[in-house]
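Q: I would like to go through this structure with you. Could we begin with the overall picture and then turn to individual side chains?

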Amino acid sequence: MNGGGAPALVDAVPVALFEADPDMVIGAANARMAEMLGLPMEEIVGRSFRSFLTRSSQFVYALKAEPSLVTRRATEETFLELDHRDGRPRAVLLTVRPDADRQERLYGALFAAPERRAYELELIAARRLAVENLEALERAQGALQDANAELARLVDERTAALAQRDLLLREVYHRVKNNLQVVDGLLMMHARKIRDPAGTAAFDDVRKRVFALGLVHHQLMGSADLKTFDIGAFLSELTMHLQAGAPDNVTLKIDCSPLKVDLDFAVPLGLLITELVTNAMKHAFPSGGGEIAVALEGPVEGEMALRVSDTGVGLPAAAEDAKPSLGLAIVKGLVRQLGGRIETGEGDGVRWEARLPAPSVA
Amino acid sequence: MPKSVFSRKRSSTSDDAILKAHAVGEVGSGEPALVLLHGFGADQAIWRRLTHRFAETRRVILYDQMGCGASDLAHYDPERYRTLEGYADDLVEILDALRLRDATVVAHSVGGMIALLASLRTDRIARLAMIGASPRYLNDGAYEGGFELQDVEDFLGMMELDFQGWAKTLAPQVMDQPDRPELVEELVYSFSRANADLSRRFAKATFMSDHRARLGECALPTLLLQTRVDAVVPLTAARFLADHMPNARLEILDARGHYPQLSAPDAVFAAVETFLAETTG
């Protein structure tokens, strides 16, 4: 390569070029190779390529380049350091290929790679940073997972507590209902001992009120949210019970659209209807039968309309001046409790109409 | 790498797990079995020019050291592999899993000391053949290991610097698919990411090791093969092995370099076969 009429190009290119045998003993080299090694040409030709390397690069060369040189007679861009005569190693990339026709002749090139080290160091720093970021991210994700797990645990706890509360509340409603049944039973036993018909009637009235209270708790027991229930189902059960205690020739009719109500509305309303219906049963039909109609309408503009009317004989003329009955006092008290007003109207018999603020849950 | 027949004769799950973790493969049949152990910077494919020749008359077992080749990195434990002892434990566990008796271990480079350490804690190994082995790579007083500490540190630094280049060398060659270069590139990439640290640790465990004091404990018949010129292991280190192992014989191969199993497979094959003829009934 050097001399022998070799083109000037071979010596001018900024790449060290050489020819070697399969043991990588240099057969010829260009001027650039001598320059890279700081050696005269005669100290290059005939020597093993390995001997031009720093000790650590000989190590790299033996472990990395040699296996591939042995098996493929080639190596690509192996990063090595030349042991330059001036003592400063020169970083190079070694590429070797066999001659296309004569496999035992190898051609090699050494590219100066002074920037390679800095570049690789930058890569290493970037890689470390990436790994650190990745680890920080993994730690953050771990913390997030822990927080989520803790949150899930708290939600589970809270859900369990709520389920426990619901269970207890349902149990309380059940007990209240049972206790009211016990009260009813006691009232019944006492009523049987009483000979005075007025007294018996009074007991019956009380028992109806107690039933209405128990029925509210029965509805609450079956309620999904343990706070509200449908007034329609409640009133139809209530009237069914009242009907059972009425004479056969008196019929009771209920007209009510579905409406969600709570305890605060249902209890006074149930008692109010019980009072008005009981009253009608007592006074409207002194002889013969008739019909009692209960209607609950609304809400319209925040108001419910409750009508209880009968086809009976109407109010006695002197009623206004008479001493108010207990039933009427209870009615007024309940309407007050509901925050409404009540009046009697004209009709076939007696017609009560109450205007009540709609329940807040409706 | 010839496609090896992967036959499983064990039923134990943990045995299977060990064999799988090390990509253990085997080919051929006949006793005594031969185990081929690779060294630093390689995997079982380094034996590709010899595997089938050895397998013509016997069972040959190959595997990848943990952190190398196709081994399962999930099993990599930095503490276990801090020194060569962990690698020796692996060899013992693999021999146990395969229930091998009277086994021959042919070990290259650092595999030699791994095999020696393993032979001290199992009786499943009956003889050793070491190629380019060294009890210590660093010079120490009169002992010539070939390297100064600074050389090894420079080497470790260069390894780190030429990260991608090493990854290409160290990627599992058993999976090498020349007709699908993109697959190889991907493999190199994923492998280099996981293995840069592992390779450095293996290099450290290898080149900082000193097993000179243990040589006398191994009385197994041992063949030491060394090439005329080896940049990694000087002849003096090979002679030290021969002088301090009670039952060892050193044979200089007419070959150069650290990989005679690649550069001079015929010579290695002939030497090992002769040794086996001498030492097996």
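Q: How many of the contacts in chain A join residues at least 24 apart?
A: Among contacts in chain A between residues at least 6 apart in sequence, 55% join residues at least 24 apart; contact means heavy atoms within 4.5 Å. This is a predicted model, in which local features need pLDDT of at least 70, side-chain atom pairs count only at pLDDT 80 or more, and totals for chains, interfaces and linings use all residues. Residues are numbered from 1 along each chain as its sequence is written, chains are lettered from A and ligands numbered from 1 in the order in which they are written, and side-chain values use heavy atoms, with hydrogens and water left out.

Q: What helices and strands are there in chain A?
A: Chain A has eight helices and 12 strands. Helices (H or I, at least four residues) and strands (E, at least two) are DSSP runs, numbered from the N terminus.

Q: And how much of chain A is buried?
A: Of the 362 residues in chain A, 38% are buried. Buried means under 20% relative accessible area, exposed means over 50%, and partly exposed lies in between (1.4 Å probe, protein chains only).

Q: What is the accessible surface of chain A?
A: The total is about 19900 Å², and 56% of that belongs to carbon and sulfur atoms. Accessible areas come from the Shrake-Rupley method with a 1.4 Å probe; for residues, only the protein chains shown count as cover.

Q: Which residues make the nonpolar surface patch?
A: L151(A), L154(A) and V155(A) make a nonpolar patch of about 260 Å². Patches are made of residues with over 30% relative accessible area and no salt bridge; like charges are joined within 9 Å, and nonpolar side chains (Val, Leu, Ile, Met, Phe, Trp, Tyr) within 5 Å. L154(A) lies in helix α4 (residues 114-193) of chain A and counts as partly exposed because its relative accessibility is 39%.

Q: Changing topic: how many salt bridges are there over all chains?
A: A search of the whole structure finds 41. A salt bridge is a side-chain nitrogen of Lys or Arg within 4 Å of a carboxyl oxygen of Asp or Glu. One of them joins R105(A) to E19(A), with the closest N and O atoms 3.8 Å apart. That pair links distant parts of the chain, 86 residues apart: R105(A) is in the loop between β4 (90-98) and β5 (106-112), and E19(A) is in strand β1 (residues 15-20).

Q: Which salt bridge does R99(B) form?
A: The side chain of R99(B) meets that of D15(B) at 2.8 Å, N to O. These two are 84 residues apart, with R99(B) in the loop between α3 (84-97) and β4 (103-108) of chain B and D15(B) in helix α1 (residues 13-21). R99(B) is partly exposed at 44% relative accessibility, whereas D15(B) is buried at 10%.

Q: Which residues are linked in a network of salt bridges?
A: The network links E297(A), R307(A), R351(A), E353(A) and R355(A). Within it, R355(A) and E353(A) meet at 2.8 Å, N to O. E353(A) is buried, with a relative accessible area of 16%.

Q: Now the rings. How many aromatic pairs are there over all chains?
A: The search finds 16 aromatic pairs. Rings of Phe, Tyr and Trp (its six-membered ring) pair if their centres lie within 6.5 Å; planes under 30 degrees apart count as stacked, over 60 as edge-to-face and the rest as tilted. F229(A) and F234(A) form an edge-to-face pair, 5.8 Å centre to centre with 70° between the planes. Both are buried: F229(A) has a relative accessible area of 6%, and F234(A) has 0%.

Q: Where does the charged end of R55(A) sit?
A: It sits over the ring of F147(B), 4.0 Å from the ring's centre. A charge sits over a ring if NZ of Lys or CZ of Arg is within 6 Å of the ring centre and within 35 degrees of the ring normal. F147(B) also belongs to an aromatic cluster whose members include F59(A), F40(B) and Y76(B).

Q: Lastly, which residues does the cis peptide bond join?
A: The cis bond joins E31(B) and P32(B), with omega about -10°. P32(B) lies in the loop between β1 (25-27) and β2 (34-37) of chain B.
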